[in-house]
Structures are given as structure tokens and as C-alpha cells.
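Subject: Structure for your attention

Dear colleague,

Please find the sequence and structure below. My notes on the pockets and helix contacts follow.

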Amino acid sequence: MYNVAVVGATGAVGEELFKVIEEYNIPVKKMVPLASARSVGKEIEFAANKYKVKELTCEVFEQEEIDIAFFSAGGSVSAKFAPCAASAGAVVIDNTSHFRMDKDIPLVVPEINPEDIALWQKRGIIANPNCSTIQMVLALKPLHDAFNIKRVDVATYQATSGAGKKGMEELMNQMQAIFNFKLDKEVEKKEVFAHQIALNVIPHIDRFMDNGYTKEEMKMVNETNKIMHTNIAVSATCVRVPVLRSHSEAITIHCEKDVDVEIARKVLNDFEDVEVMDDVEKNIYPMPIIATDTDITYVGRIRKDIFDSKILHLWVVADQVRVGAATNAVRIAKKWIELEGNK
Ligand code: A2P
């Protein structure tokens with residue numbers, strides 16, 4: 001049994017973590033929810049019990065004898081406190097981008113590179129990849145094994161949940177304002193997104209880099225190859241859309257071999273936690289309202305390029321809060337327990 005801490009317990013991903021930890025039967029001896037001083041005393045529910053939120057400090061991990069610490073409170077919080085948890089002997093599973101590209105920190109999607117978990121010993125930290133990257137690599141891995149992927153072009157349609165509770169609230173407030181004919185006032189209050197998100201799409205997630213791409217887009221480039229141990233050329237355009245939860249992606253995949261749609265369907269369907277949903281005659285394809293609250297990465301609209309037999313196009317949707325964050329983190333914990341926990 002393990003003492004478990006959730007850092008960011010009052011956030012969108014933190015709240016989901018409590019549900020998923022229970023659903024995946026992680027053997028929890030003690031649950032310790034942690035957040036900022038603002039939230040001390042608030043109650044969260046885990047496995048039908050109520051727990052009071054405690055303040056995140058460097059000392060709390062040693063005091064509470066934490067074995068597994070999930071971090072989902074932003075990069076600067078992880079930078080400061082994840083090393084405290086690791087030096088107190090916990091394995092940190094970090095949801096932020098802070099440690100992801102460090103050489104001696106594993107970046108893990110358990111269905112793809114569970115063997116990398118062993119590297120956790122070096123720093124005591126395992127990084128959870130970017131949400132858009134997780135659902136993309138879950139679709140790419142079986143296709144890479146079948147057709148040898150050389151290049152991927154992806155456009156994302158990312159939900160507001162990716163910006164946390166505040167992002168979802170900003171969309172809801174603006175939608176309400178629209179129905180009350182008060183949008184002008186509400187838009188003045190925009191805090192999370194650079195522009196009005198209601199009834200709009202914004203081709204801008206995270207900050208712009210010198211190369212003209214955003215940091216979110218570069219995460220998809222770099223993290224994909226770290227997870228898959230490949231050298232695939234990736235180009236991403238990341239777009240925020242007025243959806244509450246679940247990201248969608250239009251992906252174009254260039255392969256070394258000729259692609260075959262039937263083989264693609266089969267290898268995708270056979271892959272763990274991936275499901276093909278593709279029957280266009282019946283208007284069946286993945287959408288955010290289908291993926292939300294599930295742990296499945298759905299793939300549809302699978303088709304061969306009209307001009308090039310080595311190119312495949314598809315559409316991938318998954319719940320960003322679960323598959324893209326909480327569920328992947330808990331799947332990492334489960335694998336860690338299986339592979340490393342009893343050593
Ligand atoms: P709090 O509610 O006390 O601010 P989201 O991603 O949904 O915006 O949630 C962010 C989470 O990270 C919340 O649980 C928030 O707690 C937590 N958090 C933010 N800043 C800090 C901090 N400096 N120390 C501890 N927890 C923090």
C-alpha cells in the first residue's frame with residue numbers, strides 16, 4: 001500500500017486524478033491532497049471519504065511519508081517542489097512540461113514506452129507528456145510499426161480544459177454573456193486566452209518561439225520523438241476551440257511503405273486503449289462529446305491520400321483531462337508499481 005499526494009488537488013486535473021486513482025485500484029494507504037495556502041481546509045472526496053486540503057510545502061512529503069506524488073499545479077510549482085518530494089523518497093509523476101525534455105527523466109506513455117520508467121531512479125521523477133502529444137502518439141505507434149512513419153503534419157482542435165478550470169470558466173462565462181447579449185463586457189474580462197474564445201478559434205496555445213511555432217507546437221515535435229525513440233519529422237499547428245473538454249486532431253502521416261486502410265484499422269483497433277470509430281455511411285466518427293469522460297483514444301476518418309499511396313489521413317479525439325493528463329499519470333503509477341514498486 002502507498003501513501004499518495006496529489007499536488008494541485010483543487011484543479012481540473014487534480015480533481016480527476018482522485019477519480020482515476022480509485023478506478024484504477026491504486027493501493028492507497030493514505031491520500032494527501034495538496035494545493036496553495038488559498039485552498040487549505042477545502043474538502044475533496046476520494047474513495048467515498050472526505051479529505052482536507054493541506055498546504056504544499058517542501059517538508060510535507062517527508063512529514064506524510066509520501067511514496068507517490070502526482071504534480072499538476074503548473075511548471076513553476078513542479079520546478080520548486082518536485083525535487084523536495086523526490087528527495088523525501090517519493091516517485092514524482094509530473095504533469096507539467098518542466099522536466100519533460102531532461103535527458104535523465106523518463107517521458108512515458110505506458111502503452112508505448114513502459115521500459116523507460118526504469119530511468120526514474122536517476123532523479124525520482126517521471127514526466128507525463130503534453131496532452132495533445134499523448135493522444136497523437138497512441139495513434140502513431142501502431143501505424144509506425146506497420147508502415148514506418150517518416151513525417152507527421154498535425155492540426156489540433158484543443159479544448160479549453162487544457163488551460164485548467166479557469167479556461168473552462170472563461171468559455172462558459174462568455175457563452176452566458178452571449179445569450180444575455182452582454183458579450184462586450186465579458187470579453188473585456190478575458191484573462192486566460194488572448195482573444196474571445198466563445199464562437200471563435202484561436203491559432204495560438206502557449207507562447208510564441210523564435211522559429212514562429214508556439215511552445216505547445218514544439219512540445220508535439222520534441223516529445224513525440226522522445227516517447228517513440230524515433231526521428232520523425234513533425235509539424236504542428238495548435239488551435240484552441242470553444243470546446244469544454246477533449247482535444248481533436250487532424251493528422252497527415254507520411255510513411256516509407258505504401259499504406260493500407262484495412263491494415264491501419266486493424267493495428268489501431270488492436271492497440272491498447274485505442275479504438276477505431278469510423279463508419280461514415282452512418283455518420284460515425286470520433287467527437288469531443290463521445291470521448292469526454294472516457295479513457296479511450298478514438299480514431300476515425302481513416303483514409304488514404306488521393307495523390308500519394310504512402311500518405312494516410314486520420315482524425316483522433318481523446319479526453320484531455322483523462323487520457324491527456326490524469327489517466328496517463330495513473331497508468332504510469334500502475335506500471336511503476338508493477339515494475340519498480342516492490343524493489
Ligand atoms: P489553488 O486552488 O489553491 O490555487 P487548474 O489547472 O485547474 O488551474 O488548477 C491548478 C491547481 O494548481 C490548483 O489546485 C491550484 O491550487 C494549484 N496551484 C496553483 N499554484 C499553486 C502554488 N503556488 N502552490 C500550490 N498549489 C498551486
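In these notes, Ala, Val, Leu, Ile, Met, Phe, Trp, Tyr, Cys and Pro count as nonpolar, Asp, Glu, Lys and Arg as charged, and the others, Gly among them, as polar. By that scheme, the lining of the largest pocket has 16 nonpolar, 19 polar and ten charged residues.

This is a predicted model, in which local features need pLDDT of at least 70, side-chain atom pairs count only at pLDDT 80 or more, and totals for chains, interfaces and linings use all residues. Residues are numbered from 1 along each chain as its sequence is written, and side-chain values use heavy atoms, with hydrogens and water left out.

Pockets

A pocket is an open set of points on a 1 Å grid over the protein atoms alone, where a 1.4 Å probe fits and protein lies on both sides within 12 Å along at least five of seven lines; lining residues have an atom within 4 Å of a point. Its volume is the space filled by probe spheres set on the points, with grid points joined across faces, edges and corners.

The largest pocket holds about 1300 Å³ of space. It is lined by 45 residues, of which Ser72, Ala73, Gly74, Ala163 and Gly164 are the closest to its centre. At least two lining residues come from each of α1 (12-23), β2 (28-35), α3 (75-87), α6 (164-179), α8 (215-228) and α11 (322-341). Helices (H or I, at least four residues) and strands (E, at least two) are DSSP runs, numbered from the N terminus. The largest share of this lining, four residues, is supplied by α1.

For the second largest pocket, the volume is about 190 Å³. Its lining consists of Gly162, Ala163, Val192, Phe193, Ala194, Ile202, His204, Ile205, Asp206 and Arg240. Six of these are nonpolar, two polar and two charged.

Helix contacts

Two packed helices are described by the angle between their axes and the distance between the axes. Axes are lines fitted to C-alpha atoms, for helices over the stretch in contact, and angles run from 0 to 180 degrees between N-to-C directions.

The axes of α5 (residues 131-147) and α9 (residues 261-270) come within 9 Å and cross at roughly 130°. The two helices are therefore oblique to each other (angles under 35 degrees count as roughly parallel, over 145 as roughly antiparallel, 65 to 115 as roughly perpendicular and the rest as oblique). Ala139, Pro142, Leu143, Ala146 and Phe147 in α5 are in contact (heavy atoms within 4.5 Å) with Ile263, Ala264, Val267 and Leu268 in α9. This contact comprises nine nonpolar residues, no polar and no charged.

α5 also packs with α8, where the axes come within 10 Å and cross at roughly 40°. That angle makes α5 oblique to α8. The contact of α5 with α8 has seven nonpolar, four polar and four charged residues; among them are Met136 and Lys141 in α5 and Glu216 and Met220 in α8.

α1 and α11 pack with their axes 9 Å apart, at an angle of about 45°, which makes α1 oblique to α11. Their contact has eight nonpolar residues, one polar and three charged, including Glu16 and Glu23 in α1 and Arg322 in α11.

Yours sincerely
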